[in-house]
Amino acid sequence: MTFWRMLNWEGRAGAAVLAVLLLMALLAPWIAPGDPLAITGEPMLRPFASGAHILGTDRLGRDVFAGLLHGTRTTLLVACFSAAVALVIGSVVGTLAGYLGGFADTVLMRITEAFQTVPAFLLALAAISVTGPSVPTLIFAISLGTWTQAARVTRAEVLSLHERDFVAAARTLGMRPLEIAFREVLPNAFGPTASLAAISVAAAILIEAALSFLGFGDPNRVTWGSMIAEGRTVLRAAPYLSIVPGIALVVTVLGVHLLGRGLSRTERLQP
Amino acid sequence: MPPLVSFFLRRLATALPVLAVVLVGSFLLLEAASGDAVDSYVARSGSMDAEQIAQLRQEWGLDQGPAYRFKAYASALAQGDLGWSTAFERPVASVILERLPVTLMLMGVATALAFFIGSLLGVVAGANPGSFRDRFLSTGSLALYAVPGFWLGLVLIVIFAVDLRWLPIGGIESVASGKTGLARMADIGAHLILPVASLAMVYLALYLRLMRDRMSEIWRDPFVKALKARGLSRGRIVWRHVARNAVLPVITMLGLQAAAMLGGSVVVESVFAIPGFGRLAAEAVARRDTPLLLGVILCSAITVIIVNLLVDLAYGKLDPRVRVGR
């Protein structure tokens with residue numbers, strides 16, 4: 001448990017929250033077996049009113065607790081993969097721009113700027129409108145708008161590493177420029193980029209939730225965003241249907257932020 | 001050349017390539033979308049045989065290669081023609097111009113409130129780093145930063161519009177109220193309170209944190225020690241020196257967040273049924289209106305560029321070290 005001891009209280013709180021969420025996601029098929037979109041009881045049961053439906057049921061009689069559990073799967077899946085894709089695209093573009101320099105740098109940075117100028121959410125919306133909603137296309141659409149920060153950070157780091165001795169050594173060894181860029185420079189520049197992971201995951205969770213709230217999420221999966229949207233139609237009679245999945249969202253994003261802050265503190269303590 | 005003119009020219013020189021990339025990107029999107037303008041025309045007009053369809057494609061230049069189509073698309077854009085919205089059956093430009101003011105107002109008020117309240121609370125927290133007030137505000141802002149705007153909007157609706165009935169549930173003004181002048185402005189103001197709050201809260205938390213973190217760094221600077229040695233009052237050091245230096249990164253962030261806020265307005269406007277520019281994007285996707293979606297993307301890029309230009313001008317006014325034109 002050295003990892004646990006390295007963290008401050010913020011990091012520990014975040015790690016605990018995410019561990020619980022991960023367990024919820026993994027065990028969802030056993031805790032709440034069957035299709036979470038199936039009708040299992042009377043519609044609009046209040047929370048804690050029935051033993052079979054702890055958090056009640058929605059407008060159509062679907063179990064809220066089961067939806068919440070299965071929604072964790074979608075949220076974590078989409079968020080983690082799109083953050084990973086964004087970091088990979090960003091660090092490749094940033095390494096190329098920083099290492100090649102000159103015209104390639106100018107072109108790549110103008111493209112990065114263009115992606116930053118268009119709101120990430122609009123980019124995701126546009127991509128979904130072309131590809132149609134499914135988990136892989138959602139991952140692609142979200143990372144389309146979130147890779148730019150990683151590109152900028154990697155480029156800055158690569159520029160600072162460019163004149164180091166190990167790069168010169170690799171050059172004298174006869175390595176080709178691209179080989180140096182990706183085998184020598186990128187692994188050393190990846191640290192600061194990886195510290196963006198928490199921000200990327202949090203951003204991806206919020207974009208995915210907003211997309212599925214607007215009805216552009218995967219229609220065959222339960223998501224917290226779609227549960228909030230579903231509850232919105234009966235907001236006056238049953239506000240908890242929208243409020244409960246929203247709380248899950250807030251807790252998840254908060255957990256990610258806390259863990260991210262905890263990790264960045266430990267990095268500073270142990271150079 | 002006056003410094004301001006050369007500043008604008010230099011900014012234009014970097015903005016044009018960026019806009020060109022956005023343009024190419026949106027053209028590629030248009031190409032990737034299934035169906036073209038003729039398809040949607042045929043779908044609306046009902047029956048047309050294959051020969052007529054082919055003739056129409058030829059007339060509109062859609063049977064040519066992608067290079068020709070791109071040239072036509074770009075030259076139409078250069079003349080301010082954003083194309084034809086199939087969902088609204090009107091030119092895209094006129095739909096956007098009608099929707100843009102509401103969103104700019106929403107974003108402007110939200111940005112101003114988030115900036116003033118956020119940085120004020122940031123000063124309160126950063127005046128004594130490590131104090132109870134600091135820890136309370138820092139933790140609070142971290143929690144607030146995790147709240148999605150659209151969900152906050154729903155919660156605010158439940159509390160203030162459904163339960164307490166203090167504020168309207170949505171829309172931008174009361175329908176057919178016949179109000180004019182001040183009464184109408186007050187009506188619009190009442191409609192704006194909840195959407196502005198749901199849009200601004202995340203940024204308020206962000207600016208609070210930024211201000212507070214920067215201030216706690218500045219307290220360690222030697223110049224603060226020098227000010228203390230000269231016997232300046234604590235309040236004067238906090239406000240005139242530490243806070244004033246710490247506000248600069250917050251202003252930079254204002255510009256950087258313009259794009260994110262525009263994205264956030266898409267969902268917030270949908271929650272509150274505000275007929276704005278943001279909701280237009282969602283409507284364009286839902287109604288498969290690709291030309292409209294591209295117009296929205298292009299206009300939001302232009303909006304973001306202009307906002308950043310204004311922020312840089314303001315920055316030069318506040319920080320003599322980066323005066324524009326030098």
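Predicted model: local features only at pLDDT ≥ 70, side-chain atom pairs only at ≥ 80, totals over all residues.
How many residues does helix H3 of chain A have, and how far does the helix reach from its first C-alpha to its last? Helix H3, covering residues 64–100, has 37 residues and reaches 53 Å, close to the 54 Å expected at 1.5 Å a residue.

## Ends of helix H3

Let's look at how this helix starts and stops. A:Asp63 caps the N-terminal end, with a side-chain oxygen 3.0 Å from the backbone nitrogen of A:Ala66. Just past the other end, A:Gly101 takes a positive phi of about 65°.

Chain A averages a pLDDT of 85, and 97% of its residues score at least 70. Within chain A, confidence is lowest in helix H1 (residues 2–6), at a mean of 74, and highest in helix H10 (residues 197–213), at 92.

## Salt bridges

Over all chains, there are 14 salt bridges. One of them pairs A:Arg261 with A:Glu10 at 3.0 Å, N to O. That pair ties together distant parts of the chain: A:Arg261 sits in helix H12 and A:Glu10 in helix H2, 251 residues apart. A:Arg261 counts as buried at 19% relative accessibility, and A:Glu10 is buried too, at 9%.

Over in chain B, B:Glu283 and B:Arg279 form a salt bridge with their closest N and O atoms 3.7 Å apart. Both lie in helix H12 of chain B, four residues apart, or about one turn of the helix. Shared partners join B:Arg99, B:Arg279, B:Glu283 and B:Arg287 into one network of salt bridges.

## A nonpolar patch

Back in chain A, A:Leu22, A:Leu23, A:Leu26, A:Leu27, A:Trp30 and A:Ile31 make up a nonpolar surface patch with about 660 Å² of accessible area together. A:Leu22 belongs to helix H2 and is partly exposed, at 46% relative accessible area.

Key. Residues numbered from 1 in each chain as written. Chains lettered and ligands numbered in written order. Heavy atoms only, no water. Helix = DSSP H or I, 4+ residues; strand = E, 2+ residues; numbered from the N terminus. Expected span 1.5 Å × (residues − 1). Polar contact = N/O pair within 3.5 Å; in protein donor to acceptor, adjacent residues only side chain to side chain. Patch = residues over 30% accessible without salt bridge, like charges linked within 9 Å, V, L, I, M, F, W, Y side chains within 5 Å. Areas by Shrake-Rupley, 256 points an atom, 1.4 Å probe, with all protein chains shown as cover. Salt bridge = Lys/Arg side-chain N within 4 Å of Asp/Glu carboxyl O. Buried < 20%, exposed > 50% of the residue type's maximum accessible area, 1.4 Å probe, protein only. pLDDT = per-residue confidence, 0-100.
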